[in-house]
2 protein chains.
Amino acid sequence: MSETTTLSLDAMGGDYGPEAVVPAALGALERHPELHITLVGQRPRLLEELERQRAGEPERLTIHHCNEVVGMDEPPSQALRYKRDSSMRVALERVRAGEADGCVSAGNTGALMATARYLLKTLPGIDRPAIMSTIPSRGGATHMLDLGANIDCTAEHLFQFAVMGAVATEAIHGVERPRVGLLNIGEEEIKGNEQVKRAAGLLSASEPINYVGYIEGDGIFTGEADIVVCDGFVGNVALKSSEGVAALISEYMRTEFRRTLLTRLAGLVAMPVLKALRRRIDPRQYNGASLLGLRGVALKSHGSADAFAFGRAIDTAVLEVQQGVPGLIEARIEPLLAGAKEGA
Amino acid sequence: MSETTTLSLDAMGGDYGPEAVVPAALGALERHPELHITLVGQRPRLLEELERQRAGEPERLTIHHCNEVVGMDEPPSQALRYKRDSSMRVALERVRAGEADGCVSAGNTGALMATARYLLKTLPGIDRPAIMSTIPSRGGATHMLDLGANIDCTAEHLFQFAVMGAVATEAIHGVERPRVGLLNIGEEEIKGNEQVKRAAGLLSASEPINYVGYIEGDGIFTGEADIVVCDGFVGNVALKSSEGVAALISEYMRTEFRRTLLTRLAGLVAMPVLKALRRRIDPRQYNGASLLGLRGVALKSHGSADAFAFGRAIDTAVLEVQQGVPGLIEARIEPLLAGAKEGA
């Protein structure tokens, strides 16, 4: 690790583009004195936004101009083939070229994953990169992967996800010997599909992995495991369903407090409590999904992230770079895979 | 439909057994003057509970004694093979024998599904029964299936679930031309596994089905579709994740309102609103999952259901019997399957 950490930010991605990324970058530079940031995107738009933030061109911040932007609904293969000068791709290319230690983008997940995989390549021993995110739970936080990069996964893929998740959680979040669970359903006998059952066998046989068994959907939020492993289809549905419920409950709450003059008054009295509650379930706090298994640090910010949320993703990227997460995964995966083969 | 409706209740199933089932039965008899109930279980325990409810042996309620009980963790095959005199099995046998029009059990899902399938058989045109439940959503309610009966599903299975879901939702909940969505993830290109994509083709080609396209996890709760179709693994994880989030938010809310004397006071002021909110997200209201695709009505109540929740499952069973849901599915599925084949 060099003494400085350099991140390249896709400044055009996401629903808000520079409007969110530029202030997030300025905030991050203040929080991390060792951080250097390259904003990748359309220079005039970025200068305009820096102007709006009354920031001029601050130290440790540079602009790398590029013309194109990957659309939020653009198919990954199209982005990969035809958008050679997009802010997303150029931001990732800087990581490949060693000009940046890591990259953050709020652009579309499919394109980001495809481009990152193409440019950075997967680590030796890793067949497929996976997306990991942090989710609030009773114990504090649960880390879950994959969240949408891989639809059909073999037991070996799930095993690799478990290793990547364990290494990253230990390095980024300081959890020692993190407990790894496999997402499954609770019905006896019809319990789990073949991949999940076989992955359970691989994980049980791997001594260095602290495997704690099957976790059901509600277990994601009870803190039974530090890491929950599943295929990308199931993980994506679980994550989005959870967001959907949280949004519905918030809406119900607003409706109930707005029903009459009396309930509005009650809402005023309860306001500080409701605000504290909102802070606890604020998804912006948990923004920043790690693309694990690549030869470089790449973070996906939620498309709808504002400056605060994008800043959280930057903070995680800084940690991953400084802890050297890709290197740690590489160092850990080989002996574990060897061990799993012996154990099988 | 005869003028009376007769249900057989597995009175020993679930975490509370007769303690929940007996008062639920008494309440249902009051709500439905045409209803007859047979409580299936250990007569002494049931008489004791009726005594406790000061109900003696009320009209329209009979007891059918049997000795055994299926354990909540008992493997389905074992229950099926060795528990011939269990309350669950005998309750289902009464439906097969025509002595009851439908059955409700809070026993273990796997055993209930296996026994129901073995005794009642699937309807012609249906390969696999599915579990459907109602979930609160912005529009009021969303109906989702499968929730755990089938792990690996082909496109044809998903198509059959869609038909069963549409028929049942129209009949039970009075939704005309209900909108059917397929649960999927939002990433372009990697969008969906093969089964889901092929099921989308089958549904688009089927004119009588009001297919509205893919629904992501959060869409379950926004009311974009009346029916959300998925395989049992994904459905079960989505449902349980959602329950987990709701429980976590409730816990956060309690914690925040208990933090200081001031927040406790705020909680007192806000109490009526919080109660109204709790009612809206009370999962007991939505208790009672339909086992669809069988030659008979069978409802699965949540294992932890209390008398109120079990009563909700009874109400749904009454509706399914009186609307003749199995017959409606049978009548609808044949032409639809034929149509899907032509359309394919």
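Student: Let's start with chain B. Where does B:Asp146 lie?
Tutor: B:Asp146 lies in the loop between β6 and α6 (155-173) of chain B. Keep in mind that this is a predicted model.

Student: Okay, and what kind of peptide bond joins B:Leu145 and B:Asp146, cis or trans?
Tutor: That bond is cis, with omega at about 0 degrees. For background, most peptide bonds are trans.

Student: What about chain A, which peptide bond is cis there?
Tutor: The bond from A:Leu145 to A:Asp146 is cis, with omega near -5 degrees. A:Asp146 sits in the loop between β6 (140-145) and α6 (155-173) of chain A.

Student: Next, B:Lys121. Is its phi positive or negative?
Tutor: Phi of B:Lys121 is positive, near 70 degrees, and this residue is not a glycine. Most residues other than glycine have a negative phi. You'll find B:Lys121 in the loop between α5 and β5 of chain B.

Student: Now the sheet. How many strands does the open sheet of chain B have, and in what order?
Tutor: There are 11 strands, and the order is β3-β2-β1-β4-β11-β10-β5-β6-β9-β7-β8, with mixed pairing. At the edges are β3 (61-65) and β8 (210-215) of chain B, each pairing on one side only. From one strand to the next, the twist averages 25 degrees.

Student: Mixed how? In what sense do β5(B) and β6(B) pair?
Tutor: β5(B) and β6(B) are antiparallel, over five bridges. Together they form a hairpin with two residues between the strands. If you want a spot to look at, B:Ile135 stands opposite B:Thr142 in β6(B).

Student: And the other pairing, β6 with β9 of chain B: in what sense is that?
Tutor: Strand β6 (residues 140-145) and strand β9 (residues 227-229) of chain B pair in the parallel sense, over three bridges. There, B:Met144 stands opposite B:Val228 in β9(B), and B:Leu145 stands opposite B:Val229. That B:Leu145 is also the residue joined to B:Asp146 by the cis bond.

Student: How does the sheet in chain A run, in what order?
Tutor: In chain A, 11 strands form an open sheet in the order β3-β2-β1-β4-β11-β10-β5-β6-β9-β7-β8, and the pairing is mixed. β3 (61-65) and β8 (210-215) of chain A stand at the edges with a single partner strand each, so one side of each has no neighbour in the sheet.

Student: Which helix lies across β2 and β3 of chain A?
Tutor: That's helix α2 (residues 43-52) of chain A, which runs at about 150 degrees to β3(A).

Student: Let's look at both chains together. How many residues does each chain bring to the contact?
Tutor: Chain B gives 60 residues and chain A gives 60 residues. Between them the chains bury about 5,400 Å², 69% of it on carbon and sulfur atoms. B:Phe233, B:Tyr252 and B:Arg280 supply 12% of the area that chain B buries against chain A, more than any other three residues.

Student: How many salt bridges does the rule find across that interface?
Tutor: The rule finds six across the interface of chain B and chain A. One of them links the side chains of B:Glu251 and A:Arg138, at 2.6 Å, N to O.

Student: Which element of chain B gives the most to the side that touches chain A?
Tutor: α8(B) gives the most, with 20 residues. By type, the residues on that side of chain B divide into 30 nonpolar, 17 polar and 13 charged.

Student: So which strands of chain A does α8(B) lie across?
Tutor: α8(B) lies across β5 (130-137) and β7 (179-183) of chain A, at about 35 degrees to β5(A).

Student: Last one, back to salt bridges: how many are there over all chains?
Tutor: A search of the whole structure finds 30. In chain A, A:Arg89 forms one with A:Glu93, with the closest N and O atoms 3.4 Å apart.

Student: Why are A:Arg89 and A:Glu93 separated by about one helical turn?
Tutor: Because A:Arg89 and A:Glu93 are four residues apart in helix α4 (residues 87-96) of chain A.

Methods
Residues numbered from 1 in each chain as written. Chains lettered and ligands numbered in written order. Predicted model: local features only at pLDDT ≥ 70, side-chain atom pairs only at ≥ 80, totals over all residues. Heavy atoms only, no water. Contact = heavy atoms within 4.5 Å. Buried area = accessible area lost by both parts, 1.4 Å probe. Salt bridge = Lys/Arg side-chain N within 4 Å of Asp/Glu carboxyl O. Nonpolar A, V, L, I, M, F, W, Y, C, P; charged D, E, K, R; others polar. Pairing = 2+ DSSP bridges. Axes fitted to C-alpha atoms, helices over the stretch in contact; angles between N-to-C directions.
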